[in-house]
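Open the model in your viewer and keep the selection tool ready. We will go stop by stop.

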Amino acid sequence: MSDKQWTRRAFLAATTTTAAMLAGGCATKVNKAKVVPGKASPNEQIIVGLIGLGGRCQGIADDCKTIPQMKVVSVCDCFMPRVNYFRNKVGKDLNWKGYEDFRKMIEQEKLDAVMVETTTHARAWIACHAMAMGMDAYIEKPMCLTIAEGRHM
């Protein structure tokens, strides 16, 4: 085994080339996306939505802005004035969409994952809904209040 770590781009290039050769196709070159140093390509970015916009989420959002492989596109909180404040203060000039209902955010955005930083009693419910809708979820601790909630997740 080699110690090489595969990127998504390298894996897709290798598999498409192999598939074309096995199918008897005459593919001689693989188109590559333009790579900008220090910036992840769209194929290597995780599209994220933030749920629960309290103080902890502000720190997480600031950290997310420094990770080129992660792109926050939407934010959600049950209190719309907080959503507007968060978009204007933390997400200034980033064109984040704001939502009051996380289910609408997940349905309307093409997210890969959500980060759930809500109050403790709402975390498990929101995380279960998000995962049932096909999202990966980062959940603050404690993830749930009861053993039953943990088993359901």
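Is N95 buried or exposed? Select N95 and see: N95 is exposed, with a relative accessible area of 69%. The cut-off for exposed is over 50%. Keep in mind that this is a predicted model.

**Stop 1: a loop with two positive phi values**

Stay at N95. This residue sits in the loop between helix 3 and strand 3. Its phi is positive, about 60°, although N95 is not a glycine. Now select D93. D93 lies in the loop between helix 3 (80–89) and strand 3 (97–99). Phi of D93 is near 65°, again a positive value in a residue other than glycine. D93 is exposed, with a relative accessible area of 75%.

**Stop 2**

5 strands form an open sheet, in the order 3-2-1-4-5, and the pairing is parallel. Look at the edges. Strand 3 and strand 5 stand there, each with a single partner strand, so one side of each has no neighbour in the sheet. From one strand to the next, the twist averages 30°.

**Stop 3**

Select strand 1, residues 46–51. How many of the 6 residues of strand 1 are buried? The count is 5 of the 6, so strand 1 is largely enclosed by the rest of the structure.

Strand 1 and strand 2 run parallel and are joined by 6 bridges. Find I47: its bridge partner in strand 2 is K71. Then trace the chain between these strands. The path leaves strand 1, passes through helix 2 (residues 55–64) and reaches strand 2. This β-α-β crossover is right-handed.

Strand 4 runs parallel to strand 1, with 4 bridges joining them. Pick G49, whose bridge partner in strand 4 is V114.

**Stop 4: strand 4 to strand 5**

Move on to strand 5, residues 136–139. Strand 4 and strand 5 pair in the parallel sense over 4 bridges. M115 stands opposite Y138 in strand 5. Strand 4, helix 5 and strand 5 make a right-handed β-α-β unit.

**Stop 5: the nonpolar cores**

In soluble globular proteins, nonpolar side chains tend to be buried together. Which residues touch the most other members of the largest nonpolar core? Select I51, M105, I106, L111 and V114, out of 15 residues in that core. A second, separate core has 14 residues, including L53, F86, V90 and M115.

Center on V114. Leave aside its neighbours within four places in sequence. V114 is then in contact with G49, I51, M105, I106, A130, M135, D136, A137 and Y138. G49 is also the bridge partner of V114, and Y138 is the residue opposite M115.

**Stop 6: a cis peptide bond**

Which residues does the cis peptide bond join? Select K141 and P142, where omega is about -5°. P142 is in the loop between strand 5 and helix 6 (147–152). The tour ends here.

Key
Residues numbered from 1 in each chain as written. Predicted model: local features only at pLDDT ≥ 70, side-chain atom pairs only at ≥ 80, totals over all residues. Heavy atoms only, no water. Buried < 20%, exposed > 50% of the residue type's maximum accessible area, 1.4 Å probe, protein only. Core = buried A, V, L, I, M, F, W, Y, C linked by side-chain atoms within 4.5 Å. Contact = heavy atoms within 4.5 Å. Pairing = 2+ DSSP bridges. Right-handed = clockwise from strand over helix to strand, strands pointing away. Axes fitted to C-alpha atoms, helices over the stretch in contact; angles between N-to-C directions.
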